[in-house]
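Here is a short report for a reader new to this structure.

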Amino acid sequence: MANVYFKKINSNTSTKEIQEITKNLLKKIIKDEKITLEKSIPLKVHFGEKGNTTFIKPNNYEGIIDFLKSNNIESKFMETLVVYGGERNRKESHIAVAKEHGFIQLPIEIADGDHGEKYSEIKIDKKHFRTCKIGSEFNNYNQFIVLSHFKGHTLAGFGGAIKQLSMGFAAKGGKLAMHMGIKPKVIKNKCIKCGLCKKSCNENAITINNKSAIINYEKCVGCGGCVAVCPKKAITVITLKGIINMLFKGNEFKEKLVEYAYAAQLNKKNIYINFLMNITKSCDCVGKPMKSIIPDIGILISSDPVSIDKACYDLVEKNGKKFKGFEQFNYAEKIGLGSTNYNLIRL
Ligand code: SF4
Ligand code: SF4
C-alpha cells in the first residue's frame, strides 16, 4: 500500500499558496519515504492546447522549481507531440504554444523529436503490446516529477498520472498505436450541423453535408476531439465495434493506455503530483474554454501512479461527481503498475 499525501485547497487558494503547498508536499515525501534525488529531474507537464484555459498554469509549479534549484538539481519541462494536426504536432510550434501559455521558467524539451520520429522501443511483453514507443529523450533520465491535472477524459474516463505517463510519454507512433481501432460515429438524427466538430478536427476529417457531419475514416486518427466538443452528444465512440470490444475484448483502449504507462515508468524513480483543481469534464487537449464541474479539491503527491489516481478518483466522488474509467485501475493493478490501496495522509 502506497502513501498519498494530500493538502486541501479551495477555489480561493492563491497561486503563491499553491507554490508553497507543492514545495512542502515534495519535501514531505522525500523525507518520509527517504527518496534519493537524481542530479537532473525533468518535470513532465502538459502545456495545454491552444485555446484551452483550464490546464495547470506553470506559475503553480514555481515552488517545485525553487526547491529543485535550491538543491542544485537541473530541470526542464518535458512533453511529447500530439498525433492530430495543429500547433502541438510539431516541435517548434509546440514550444511556441508552451511559451504563450507561460512555460518560461525552465528550458523546454520535446522528447520525441521534431515531428515524432525519435522514440525508444521499451519491451514490456503484455497483452496488447510487446514493446511501447516512448519518446527517446526520456531515456536520458532516471527520475521525473510527473505533474498531472486530474480531470475527465472522453475516451479514458479520467486523466491523471496514469494517462500522463502513457499518452504523455508516448511518441507519436505510440499514441497512434493506442488509439487504433477507436473511430467515432455520428448519430445523424442528433446532429444539428453546427460545425463545431469540423472546426475542432485537426485532421480535416469532418465535412458537413445537408443532413449531418460526416467523418472520413481514412483521415480520422481517433483522437476523440470531436466527441468532446459536440453540444448535442451526436458523436459517440460507442460503436458496434466498440461494444464488441467491450464485451469480448475488454476495455481495449484503457488497457493499452495502462500498458504504455507501465512502459514509461519502468526502472524510473518517479514522484507524482496531481492537481485536483480546474476539474473539467474533458482534458487539456480541448482547445476551448471549459467550466469546472466541481470546486477545487487539493494537491496530492505519491510515488505510486495508481494510488495517487485512485485517491483523486475517490475524492472527486466524495465531492459529488463520479468519473468513468475505473477499468484503468483494475488493469493497472493486474499488470503491476501500482496499487489501488492507498494510505491518504492529510496535511
Ligand atoms: S458538433 Fe455535433 S451537432 Fe455540431 S455538426 Fe458536429 S456532430 Fe453535428
Ligand atoms: S476523432 Fe474526431 S476530431 Fe479526432 S481525428 Fe477523428 S474525426 Fe477528427
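## The chain as a whole

The protein chain contains 11 helices and 16 strands. Its radius of gyration is 19 Å, close to the 20 Å that the globule rule gives for 347 residues, so the chain is as compact as a globular protein of that length. This is a predicted model.

The table collects values for the protein chain.

| Property | Value |
|---|---|
| Span of the C-alpha trace along the principal axes | about 60 × 45 × 40 Å |
| Buried share of the 347 residues | 58% |
| Share of contacts with a separation of 6 or more that join residues 24 or more positions apart | 77% |

## Helix H4

Helix H4 runs over residues 161-169. Is this helix mostly covered or mostly open? H4 is mostly covered, with nine of its nine residues buried. Ala 161, Ile 162 and Lys 163 are among the buried residues. Gln 164, Leu 165 and Ser 166 are buried too.

How values were computed
Residues numbered from 1 in each chain as written. Chains lettered and ligands numbered in written order. Predicted model: local features only at pLDDT ≥ 70, side-chain atom pairs only at ≥ 80, totals over all residues. Heavy atoms only, no water. Buried < 20%, exposed > 50% of the residue type's maximum accessible area, 1.4 Å probe, protein only. Helix = DSSP H or I, 4+ residues; strand = E, 2+ residues; numbered from the N terminus. Rg over C-alpha atoms; globule rule 2.2 N^0.38 Å. Contact = heavy atoms within 4.5 Å.
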